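Dear colleague,

I am passing on the structure we spoke about, together with notes on what was found in it. Please have the model open while you read.

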Amino acid sequence: MVHPDSSESDNKDEGDVTPILAIMGRFFPFDDEGIPFAGTTLVVKETTNQSLGDDGSTGLNVWDGAMLLARYLETKPEVVRGLRVLELGSGCGLVGIAVGLLGAKQVVMTDLEYALPLMRDNVALNESAWIDRKDPRTTRVNCKICDWFHPPPANLLMGSTDVNTTHPDVILVADCVWLSSLVAPLLQTLKKYTKESTQVIITYQQRGRETHDEFWEGIHSIFKKVKEIDTESAGVAKPDVFHVLLCSGRHDA
């Protein structure tokens with residue numbers, strides 16, 4: 001996730017009455033003992049909210065946006081298979097681990113420091129699943145700190161000095177659009193880590209009009225193409241408040 005100024009909040013106008021997190025109950029079935037995924041079992045543990053981060057420790061729980069993105073990618077494994085994938089705001093690591101199971105060449109999961117111990121534990125719980133996969137590709141999975149207010153250089157995250165492999169092929173963001181104060185840092189981080197050929201897939205639950213409008217305008221200002229993905233045509237149902245976006249083609253690339 002990010003490191004917001006704790007004095008900031010999501011200012012609402014009279015027409016924006018949705019609470020900041022608008023918890024509506026879990027839509028996608030989840031069991032921390034394991035969920036069926038891509039022919040194996042994906043195990044991701046959560047931790048009781050301990051307010052360890054300025055984002056309210058949201059990185060210690062599995063959110064519907066992460067389940068939605070994982071389930072969509074499960075139907076479209078070619079989107080990540082054999083590619084270098086960067087995830088922003090990885091939290092517990094569900095999406096990044098799912099991508100590893102789908103055959104990504106490299107997965108770099110990122111969040112604030114407080115989220116990394118649980119994320120690494122969850123990676124360890126699933127490591128044997130992609131090692132045992134009958135696939136000649138080798139999946140490398142790393143968990144690293146990325147504060148959107150001070151994002152590190154792309155090559156440090158991706159572990160590369162080769163100019164041709166500095167940037168990821170795919171960037172994933174799951175349910176990270178929830179505070180207005182975090183929208184600009186997220187957008188700037190996306191801009192920093194993308195190039196013309198980078199594919200960005202974003203899922204988020206619309207929780208307030210102001211934050212949604214700011215994000216919607218900002219994402220269109222960065223990318224030439226912003227397409228809303230019809231997940232239902234891929235067999236993945238979702239509530240109307242969830243958006244799944246495919247973004248590509250930087251305006252200034």
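How near do the axes of helix α1 (residues 64-75) and α2 come, and at what angle do they cross? They come within 9 Å and cross at roughly 10 degrees, where axes are lines fitted to C-alpha atoms, for helices over the stretch in contact, and angles run from 0 to 180 degrees between N-to-C directions. That makes α1 roughly parallel to α2, since angles under 35 degrees count as roughly parallel, over 145 as roughly antiparallel, 65 to 115 as roughly perpendicular and the rest as oblique. The contact (heavy atoms within 4.5 Å) is formed by A66, M67, L69, A70 and L73 on the α1 side and by L94, V95, A98 and V99 on the α2 side. By class, this contact has nine nonpolar, no polar and no charged residues; here Ala, Val, Leu, Ile, Met, Phe, Trp, Tyr, Cys and Pro count as nonpolar, Asp, Glu, Lys and Arg as charged, and the others, Gly among them, as polar.

Before going further, a word on the source. This is a predicted model in which local features need pLDDT of at least 70 and side-chain atom pairs count only at pLDDT 80 or more, while totals for chains, interfaces and linings use all residues. Residues are numbered from 1 along each chain as its sequence is written, and side-chain values use heavy atoms, with hydrogens and water left out.

The protein averages a pLDDT (the predictor's confidence in each residue, from 0 to 100) of 85, and 81% of the residues score at least 70. Confidence is lowest in helix α3 (residues 116-131), at a mean of 89, and highest in strand β6 (residues 170-174), at 98. Over residues 1-23 pLDDT stays under 50, and for this stretch the model has 54 contacts beyond four places in sequence.

As to the overall make-up, the protein has six helices and nine strands, taken as DSSP runs numbered from the N terminus (helices H or I, at least four residues; strands E, at least two). Of its 253 residues, 53% are buried, where buried means under 20% relative accessible area, exposed over 50%, and partly exposed in between (1.4 Å probe, protein chains only). Among contacts with a separation of 6 or more, 74% are between residues 24 or more positions apart.

Helix α2 (residues 94-101) is mostly covered, with eight of its eight residues buried. Just after α2, G103 takes a positive phi of about 100 degrees.

The contact involves S180, V183, A184, L186, L187, L190 and K191 of α5, together with E210, T211, E214, F215, G218, I219 and I222 of α6. These residues divide into eight nonpolar, three polar and three charged.

Two backbone positions may deserve a look. Most residues other than glycine have a negative phi. A38, however, has a positive phi of about 50 degrees although it is not a glycine; A38 lies in the loop between β1 (35-37) and β2, and is partly exposed at 37% relative accessible area. D175, likewise not a glycine, has a positive phi of about 55 degrees; D175 is found in the loop between β6 and α5, and counts as buried at 5% relative accessibility.

Finally, two strand residues. T41, in strand β2 (residues 40-42), is partly exposed at 43% relative accessibility, and, leaving aside neighbours within four places in sequence, T41 is in contact with G34, I35 and N126. E228, in strand β8 (residues 223-228), is partly exposed at 37% relative accessibility. Leaving aside neighbours within four places in sequence, E228 is in contact with W216, F242, H243, V244 and L245, and the C-alpha atoms of E228 and L246, 18 residues apart along the chain, are separated by 6.4 Å.

With best wishes
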